Amino acid sequence: MPASISTDRRNDEIRFLVEGMHCASCVSRVEGSLQKVPGVDAVSVNLATREANVRYADAPPSVEELKEAVARTGYTWRERPQTREEHASHEHEHAHADRLQLVRLAVAIPLSIAIMVIHMGGFDFAGRNWLLLALSLPVVLWCGASFFTGAFRSARHGGMDMNTLIAIGTGTALLTSIAATIAPHIWPGEPPIHYDAAAMIVTFLLLGRVLENRAKGQTTAAIDKLLDLQPHTAHVIRDGREQEVPVDDVRTGDRVVVRPGERVPVDGRVVQGHSAVDESMLTGESIPVNKEFGDEVVGGTVNQSGSLQFEATRVGDATTLAQIVGLVRDAQGSKAPIARLADRISGYFVPTVVAIAVVTFLVWWLVVPVSNPLQMALLAAVSVLIIACPCALGLATPTAVMVAMGKGAESGLLIRDGAALETAAHLGTIIFDKTGTLTVGEPSVTDVITADDVSEQELLEWSAGIEEASEHPLGRAIVRRAAEVLPNQGPVPATDGVTLFPLLTSLTPGSVQEAGLAPPVEDFGTVSGRGAYGRIGGMLVRVGSEQFMSENGIDPAPFLEDAELLSAEGKSIVYVAGDDRLLGLFAIADTVKPTARDAVERLHAMGLRTVMLTGDRKSTAAAIAAQVGIDDVVAEVLPGEKRDRVLELQKGDHRVAMVGDGVNDAPALAQADVGIAIGSGTDIAIEAADMTLVSGDPRGVSRAVGLSRATLKTVKQNLFFAFVYNVVGIPLAAGVLYPVTGWLLPPMFAAAAMAASSVSVVTNSLRLRGFRPDA
């Protein structure tokens with residue numbers, strides 16, 4: 001588990017919300033206006049999250065200038081919600097707007113049905129058209145008011161958007177119907193009464209917007225789930241007594257009490273008690289983690305069995321949970337490069353559609369030989385305006401990215417932005433660092449070989465007694481092995497007058513001597529790079545390398561064959577001698593993570609090449625690679641050379657990912673097309689990475705690639721549908737099939753199709769919520 005997930009915002013960007021956008025054309029106008037502000041280097045506006053991200057090269061642009069740039073487009077600047085209360089207030093406002101929209105829809109539906117019944121039911125009575133006018137006005141002007149105010153706002157600032165198309169279409173249908181009602185004699189042929197079209201257009205579009213907003217709300221479900229993980233209150237001990245306080249009042253250094261079944265309110269370090277804690281919200285792993293004195297706990301996790309007291313170390317926005325929420329929110333607001341095509345088209349979309357509608361009107365009125373050309377021209381032009389849907393184009397990419405970011409967070413995968421998500425779908429090679437990535441990152445004893453008259457327990461006792469005073473990593477591995485293996489019992493007499501002091505299995509390295517459970521060592525000393533020695537019960541015990549033994553006249557020959565076999569497996573050999581006699585040896589290695597081989601096999605099944613990049617000697621690297629099934633090994637690489645090796649593997653436009661956890665991996669992580677940091681690694685590695693595997697499980701790499709591929713597939717489906725819908729729908733609405741079939745698309749059907757297009761794009765994106773990384 002990481003000590004913290006560093007999510008510091010970039011120093012060269014400003015993020016805020018833009019309220020009032022409804023389509024890709026809105027996004028294009030806002031981006032264009034912000035791009036003109038002096039000092040702005042790049043702008044990205046996300047329709048689904050309504051978030052703008054402004055990057056600058058040198059000095060930051062004035063916030064007032066940015067606000068004015070947004071205002072010039074007719075939309076509203078708003079600060080991003082930061083605290084739980086601000087987020088709740090923001091959601092409350094949108095919920096109120098959604099409820100108002102539902103009320104408008106509830107009014108529009110019965111009135112529109114009444115209009116349709118009167119219009120199509122063959123009813124003909126005095127004042128019929130005036131009744132239709134009375135029923136239509138509240139539907140169009142009150143229920144559909146947002147379309148007209150949005151269009152007016154855009155026109156006032158010299159722009160056009162989706163509201164412009166809707167307002168022109170419904171307005172034209174309504175005004176011509178009113179004119180035909182007031183003065184029916186001025187129209188050649190049958191007066192154009194289309195109240196039904198105007199009312200049904202508004203009703204269908206309102207229904208579509210309600211369904212779309214509901215679906216878009218589900219794309220942020222991951223954020224809501226994460227926010228709900230933190231309890232509202234915490235139990236802290238102050239002035240010698242336990243108090244319940246709001247979680248925002250918890251301060252660093254407070255002693256916090258968590259009982260079984262309660263959520264941990266903030267991050268901290270256990271000072272009393274022991275328990276099993278469910279960290280699935282953080283890592284995606286369902287197996288509880290044991291916690292005791294000195295262990296870290298993370299806010300939002302669930303205490304399952306025992307009572308814990310811990311000292312708060314990170315509170316407020318500094319907690320791991322708050323930082324994960326920030327990462328996911330930032331990532332959901334980012335844009336994938338594939339969205340650029342839709343962005344370019346959206347800038348010209350609405351003016352082009354208006355031009356097509358004008359041409360359609362003129363062709364039907366002046367060219368097509370029909371009995372009532374003016375009425376047919378109006379119907380065709382209105383259908384063209386209504387069926388065109390820039391909204392589907394604008395939602396195609398961001399909705400899929402939002403769902404994918406949330407899905408990744410649920411399984412312990414944090415993705416920095418949409419670009420990383422898209423690039424990961426095109427990877428060809430995965431490069432793994434060895435230590436801490438494929439291996440545990442901590443040496444441990446794998447084999448113990450003793451002389452015939454020496455037991456493993458005796459060898460461990462003597463070796464641990466010497467190495468307890470040593471700080472060498474191999475020595476610590478021996479002490480850990482002793483703590484795990486030796487039974488909990490009193491002193492055991494041994495041969496030659498040497499007394500054995502078994503170690504408690506629960507002891508941690510570094511505590512054995514203090515507890516008085518290791519053999520007392522006299523005349524302790526070390527030889528740098530060779531080994532350590534000391535007297536135990538009168539016997540001179542030496543623990544170290546083969547060279548250390550030879551230098552002290554001890555022949556390693558009795559164990560040489562075993563040592564060579566173990567060395568061939570990439571293991572380090574530590575000999576143990578008593579006086580002038582060799583007593584045995586330990587084979588020590590950084591063991592492979594239990595899931596490493598499965599992780600590599602999954603990547604191979606996805607058609608990916610795997611490479612291990614390590615500074616270890618070739619024999620050790622080859623042994624580890626053989627255990628996990630790595631394709632290629634690059635060993636004995638100096639820390640400064642890792643980036644260069646990644647660069648070599650990128651030649652020929654080959655896309656690679658680098659997976660690592662250490663400070664020396666940071667340059668390679670930054671150089672790779674996608675840098676993937678192990679969450680248990682250093683902050684600098686996580687900062688340099690595009691993705692972070694919170695749990696440290698290497699199987700998360702295949703999950704990341706799988707999710708990226710599924711997301712890119714969904715985005716392509718959305719864009720294909722959005723483009724095809726408009727390319728096919730607009731000609732149909734213009735009447736291209738009329739000469740052949742005699743059929744012209746009614747405006748109300750055009751409205752239904754337009755509403756369905758946006759809803760279908762968002763719904764298709766929501767299918768990613770069912771993505772199963774292990775399927």
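Which residue in β13 does Val 258 stand opposite? Val 258 stands opposite Leu 308.

1. **Basis.** This is a predicted model, in which local features need pLDDT of at least 70, side-chain atom pairs count only at pLDDT 80 or more, and totals for chains, interfaces and linings use all residues. Residues are numbered from 1 along each chain as its sequence is written, and side-chain values use heavy atoms, leaving out hydrogens and water.

2. **Strand β13.** This strand covers residues 308–314. Of its 7 residues, 5 are buried. Buried means under 20% relative accessible area (1.4 Å probe, protein chains only). Strands are DSSP runs of E, at least two residues, numbered from the N terminus.

3. **Partners of β13.** Strand β7 (residues 255–258) pairs with β13 in the antiparallel sense over 4 bridges. Two strands pair if DSSP finds at least two bridges between them. Strand β8 (residues 267–272) also runs antiparallel to β13, joined by 5 bridges. Here Val 270 has Phe 310 as its bridge partner.

4. **The open sheet.** A mixed sheet of 7 strands has the order β14-β28-β27-β26-β15-β24-β25. Its edge strands, β14 (413–415) and β25 (632–634), each pair on one side only. β14 pairs with β28 (residues 691–693) in the antiparallel sense, over 3 bridges. Leu 413 stands opposite Leu 693 in β28.

5. **Ser 33.** This residue lies in helix α1 (residues 24–35). Helices are DSSP runs of H or I, at least four residues. Ser 33 counts as buried because its relative accessibility is 10%. Beyond its neighbours within four places in sequence, Ser 33 contacts Ala 69, Arg 72 and Thr 73. Contact means heavy atoms within 4.5 Å.

How values were computed: Buried < 20%, exposed > 50% of the residue type's maximum accessible area, 1.4 Å probe, protein only.
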